[in-house]
Amino acid sequence: MKHQAFGTKSITESVVAFMQFARGHGLNIGIGETQEALFCASQDLIQNRKAFTYALKAICCTSPEERKVFDQLFLLFWDSNPLDQQDQKNRTLLQGLVQKNTNASLVLLGHGSTDPRTTEGKSFSGASRTERLKKTDLAMLTQIEAELLEKISEKLFRQMAVRLHRRRKMDQGNGPVNLRRTIRGSIAFGGEPMELFHRTRSPRKRRLVVFLDVSGSMDKYSVFLLRFIYALRKHFRQMEAFVFSTSLIRISKGLQQRRVDWVLNHITERADNWSSGTRIGECFREFNVVYGKRIMNGAPTVLVMSDGLDTGDPPLLLAEMKQLKKRAKQIVWLNPLKGMKGYVPEAKGMKAALGVIDDFRSAHTLDSLLELENILADA
Amino acid sequence: MEAINSAREIMGSLDEQHYVADEELATVLFLLLRMHKPLLLEGPPGVGKTEVALVLSQLLNTRLIRLQCYEGLDVSAAVYEWNYQKQLLGIKLQEHTPLSVEEKEHHIFSHEYLLTRPLLQSIMEKERAPVLLIDELDRSDEEFEAFLLELLSVFQITIPELGTVKAKYKPYVILTSNRTRELSDALKRRCLYHWIDYPDFEKEKTIVRKKLPGIEQQLLEQVVGHVQAFREKKLAKIPGVSETIDWAESLMTLGFREVSSKAFEQTLGSVLKSMEDISQAKAEFVPGP
C-alpha cells in the first residue's frame, strides 16, 4: 500500500492510492467513493488543492471526528517527503478511529480457583442444579459453575427478550381505523362501511442508557451484567452503554456489532492499568458534558449497575445525577451488595444518590436480573 | 437555468442572497449539483443548515419542497394520503350510476382524490428539478430512514391503486440533522457529508451585519463578543447564530447602542433560553469595551 503520492505515476493512480490509504486508517471508503473521487478529479476540481480537499472530505467522511482525521491523512499522503518516511508495509501511521474487527473468544474474568470438588460427586439433577445456580451470588461461583451459568443465562435472557416483545405487542390493542382499507372494502357495498379495518399500532420502543461499573470490586459481576445488557438490545429503540471506573468509556458500538467479548477483553486490560478508586461522580459529569445532549433524548430509562463504593466527591455525584434525572424517565440503580443480608448503604456516595433514584435493587444473582423484566417492560 | 460552472459562481450567488458561506460549503454545493448526490448537513442547532436549502432553491430558481421530520413520521404524512372525505362522498354520488364496481373503484382511486405530501410532490415536478429539504432527520426513526434510503436511490414511488410514479426531474436533496442521534451508516454513505459548526468572531459579525445592515459597529462587536464567550462556557443551551441575530435585533429595537448591564438584563432572554444559563451569565457579566 502506497503511503505517499510521490510513489505514484498518474493522477488516477494517486487518487486511488489515497483512498486506499484512508481506508487503511479506518475511514469507511469503498469502490463507490473512489469512483466519485475520480469523477471530481475529472471535473477539474483537482486543479485547486483546497477545492479537491473539500470535495474528497465531503465524499469520504461521515462525522466531524472523521473530518479531523481526514485533514491529517490528506497532508500525510500528498505532502510528505519520501526521504522522511520509512517504508512501512501496512502500518497505520495515525491513531485510527474505528476499532478493527477482532474475534476474541470469551474469557471469563477472575473467577477464583477451579475447584473440581464442587462439581463431582454431586447427586443433583439438572433442574435443581439450575435453580441453585440461579440463586447463587455471582461472586461466589467457581470457574466451572460460571461457565454453566453462562449457558443457562444465555437461554433465559433470550426467553426474557421474547416475553418482553410479546408483552409489548399485546399491550397495544387495535390502532385507529384504517380508513383507506375500509373505504376500499365499502365500495362493493355502495359506500357503507360494512367492515371496519384497523391499523396495527407500531410498538413504541423505549430508550435505555446503561452505566456499568467495571472497577475491581465489580469485576465478578461485570460479565453477567454485560451479557444481560446485550441480550436486551433488540427490545429498545436506542440503547447506549457506558462502562466506568475512574473514567468513562462508551461501548455502545461494540455492543451493536456483537463484539461483547472483545469489549470485555478490552476493558479488563485497561482496568488493570487503572489505579484503584472508582470516581462515579466524575464519570457522570463526563457523560453529561460530552454525551448528554446527544443521548438523553426521548426520556430514556437510566440503568446504573454499581456497588456505589467510590472515592469521588459525594455532592458532585448527587449534582450530576440530578442533572441526569431531569431528562430521564427513571433512574434504576442495581447494587450487587444489596443482596447481602443486612446491607444498608453507608458509603456517602451511595447514600447521597438514593434521594434521586427511582428504583434501588440488587443484581447479584441471575434471578435478581430476571426480576428486572417488569421494570424493563414498562421502561 | 444557466449551468453553474464552478464553486466560485456559487459563492458569488450565495453572497448576493445574503448567505455567508465559506469556500468549502460552496464546493460541496457544487458537487451536489454536478453529482446529483444528496447532501447531509450536520451541526449544532441554529447555524444555518436549513437556510442553505432555501438559498439553493433561489439560486436555481426552482421550487423548495420541505419535509419536517418528527418521531413517528410515516408514509401517509410524508408521501401521500387518500382524501377520505372526498372519496366517501364520491362513492355515495356514484351509487346509482350504471358503472361497474371496477370502474367505480378506478374513479375513486384516481389522482383527483390523492393528497400528495412532500416526498411525492418532489418527484412529480413537471418543469425542473426542485430542491427537496428533509429537515431534522435525526428526529425520525430508523424505519423512516430505511424508507428514505430506498427513495433516494430510485426516486420512484409505488402507489398500489395507481401504479408507479417516476421522477421526471430528480430533485436536489438536502438533509439536515442536529445530531441528537447517530444516523444509519447506509444513509450517511448515500450522501455527501458536511459539518457546519458555529462561526468564528469575524464570520459571525459578517452574518449579523448582512441580516441587520443598520447595526452600529460597537454594538455589533459587543454582541458577537458576548455570544462567542457564551459558547466557550458550559451552558445548558448553547446559543446559535439565529440567537445572536435575535439578540442584536432586540437591542436595536429597544434603542440600545451598547451592551450595558441594563441592556443585558432586559434582553438576555432572546439569546439564552434556560434559567440557569441566564443566572450564570448575569452573575459573570462584564461590560464590554
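The model is predicted, so local features need pLDDT of at least 70 and side-chain atom pairs count only at pLDDT 80 or more, while totals for chains, interfaces and linings use all residues. Residues are numbered from 1 along each chain as its sequence is written, with chains lettered from A and ligands numbered from 1 in the order in which they are written.

Chain A comes to 15 helices and eight strands, taken as DSSP runs numbered from the N terminus (helices H or I, at least four residues; strands E, at least two). Of its 379 residues, 31% are buried, that is, have 20 or more other C-beta atoms, placed from the backbone, within 10 Å of their own.

Chain B splits into domain 1 (7-71 + 117-195), domain 2 (80-116) and domain 3 (201-283), with bounds from an automatic or database domain assignment. The C-alpha centres of domains 2 and 3 of chain B are 56 Å apart. Chain B also has an open, parallel sheet of five strands, ordered S2-S5-S8-S1-S9; strands pair if DSSP finds at least two bridges between them. Strands S2 (64-68) and S9 of chain B sit at the edges with a single partner strand each, so one side of each lacks a neighbour in the sheet. Within the sheet, S1 (residues 39-42) and S8 (residues 172-177) of chain B run parallel, joined by four bridges, and Leu41(B) stands opposite Thr176(B) in S8(B).

As for the interface, 30 residues of chain B are in contact with 27 of chain A (C-beta atoms, placed from the backbone, within 7 Å). H2(B) gives the most to chain B's side, with seven residues.

Notes:
Contact = placed C-beta atoms within 7 Å. Buried ≥ 20, exposed ≤ 12 C-beta atoms within 10 Å, placed from the backbone.
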